[in-house]
Amino acid sequence: DLVRDEPAGRGGASDDEPKLRRAELEQLLRSRASLGPGFQVSVSRADQLAAFERRDRAASDTGRRILLGTDDFELRFRRDLTADVRVLAVGQDARGPAIQVLFVYPVADQAVVRRLTGFEFSTRLRLVAWDSVGRLAFVVDTVAATVVPTLPQQDMRLHGRIGLPLDPGVYRLSLALEGSNGEGMLAEDQTVTVESHQRGLATSDLVVSGDAGGVSWRVPSGDVLTVSPVALFTRNSSAQLYLEVRGLTPVDSVRVRAFVRPVTAESGSAPAKWKPLDGAEKWNLAALAPTSVPELMRIRLPIGLAKLKSGRYEVELVMVDGANRTLRRQSGFVIQ
C-alpha cells in the first residue's frame, strides 16, 4: 500500500525526548568508539550533546559539498524517473533574487502520505551551481513536499516547484531529481542568469502561466500563477505572461509588445517569422501599476491562444521605456 496515514501526535515532542536522544546517541557512540577519537566523547550533558551535534552537522555539510560539488562520483538510481525539469530566474522577494525549479513526473508507484490538507508526495532535489569562472557557488540537497487535494489517478502526473535564493550572476547548474521509491533522473546541465536588481534596468526570466495544468505558485505580490516546466496549453486556455522588472521610467511612457512564432522541427531550416501575439495590443501598464514605478515592478499580462495551431511556440516580450531602452525576454510553450 503506497498510501499511509500521518502518525498521530507527529508534531508534538514529549518532555523525555532530549533524554531519549542522549541515551540513543551514547549507545551509538560506544558502538563506534574504536573507529576514531571523534566518537570517543561524552554526551551525558545537554551542552555536550549540542556541541557534538554542531560538529557532526558541520562535518556532514562539508562532506555533502564535496560529494555534490565534484564530478568524481556518478549518481545512480535504482530506476529511471521520466521527468521534465526547468529552472527559471524569477521570484525575487525580501531575501533577494531567486530561482524556481519546476518539475513534473508520473505519480504511478510513488509513495503518498495522507494529510489533513490532502495527499503529500515527496521529491528530492540535489542541485549544484558553478559561477562564470567555474567556482562552486551553491549546493542544495532538499526534499520538497507537494500536497494535492485529491488522490491522483496512477496515469496522472505530479507538478511541483522548489524556490531557492541565488545571488546575481551567471551559473551552470547540475541537478538531480528523485522520487519516493528510488527512481531518479539527472537533468542536462542548464545555464541560468540571475540579474542584479540593485541598479539599472533588469528583468527576471519570462514566465508563461495559465490554467491548463501545473503547480500553483503565490508570487511575492500575492498573485497566484499556475506554472509548469512544459507550459502545455490548449487554444481555449487562459494564459498570461509574468515578468519582474526594475529600473523602468514612469509606466505611462512604457511601450510593451509581444510576438510569437512556431518552432520549426527541421534541422538547419530558417526560423519562422515573428507575428504579433493576440491580446498584446490591449495592454496598458498604467492601469496595472502607479505612475511612479515601484522599485521592483511585477507585470502580469493576458495573452490569447485561440488563433494558434497545435505545436511548439516561442514568445518574445519587448519593452521600450521613456529613455528608449529596450528589453527583450523570450520563453516557450506548447499548444496541444
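By salt bridge I mean a side-chain nitrogen of Lys or Arg within 4 Å of a carboxyl oxygen of Asp or Glu. Arginine 124 belongs to strand β6 (residues 118-130) and aspartate 141 to strand β7 (residues 136-148), so this pair ties together parts 17 residues apart in sequence. Strands here are DSSP runs of E, at least two residues long, numbered from the N terminus.

A word on the model. It is predicted, with local features needing pLDDT of at least 70 and side-chain atom pairs counting only at pLDDT 80 or more, while totals for chains, interfaces and linings use all residues. Residues are numbered from 1 along each chain as its sequence is written, and side-chain values use heavy atoms, leaving out hydrogens and water.

Back to arginine 124. Its side chain also meets that of glutamate 178 in a salt bridge, at 3.9 Å from N to O. Glutamate 178 lies in strand β9 (residues 169-178) and arginine 124 in strand β6, so the pair ties together parts that are 54 residues apart in sequence. Arg124, Arg126, Asp141 and Glu178 are linked in a network of salt bridges.

How accessible are these residues? For the terms, buried is under 20% relative accessible area, exposed is over 50%, and partly exposed is in between, with a 1.4 Å probe and protein chains only. Arginine 124 is partly exposed at 29%, aspartate 141 is partly exposed at 27%, and glutamate 178 is buried at 15%.

The whole structure has 13 salt bridges. Another of them joins glutamate 244 and arginine 298, at 3.0 Å from N to O. Glutamate 244 is buried, at 1%, and arginine 298 is partly exposed, at 26%.

Now the aromatic rings. A search of the whole structure finds 4 aromatic pairs. Rings of Phe, Tyr and Trp (its six-membered ring) pair if their centres lie within 6.5 Å; planes under 30 degrees apart are stacked, over 60 edge-to-face, and the rest tilted. Phenylalanine 233 and phenylalanine 333 have ring centres 6.3 Å apart and planes at 75°, so that pair is edge-to-face. Phenylalanine 233 is buried at 3%, and phenylalanine 333 is buried at 2%. Tyrosine 313 and phenylalanine 333 have centres 5.7 Å apart and planes at 15°, so they are stacked. Tyrosine 313 is buried, at 9%. Phe233, Tyr313 and Phe333 form one aromatic cluster.

Note on methods
Helices (H or I, at least four residues) and strands (E, at least two) are DSSP runs, numbered from the N terminus.
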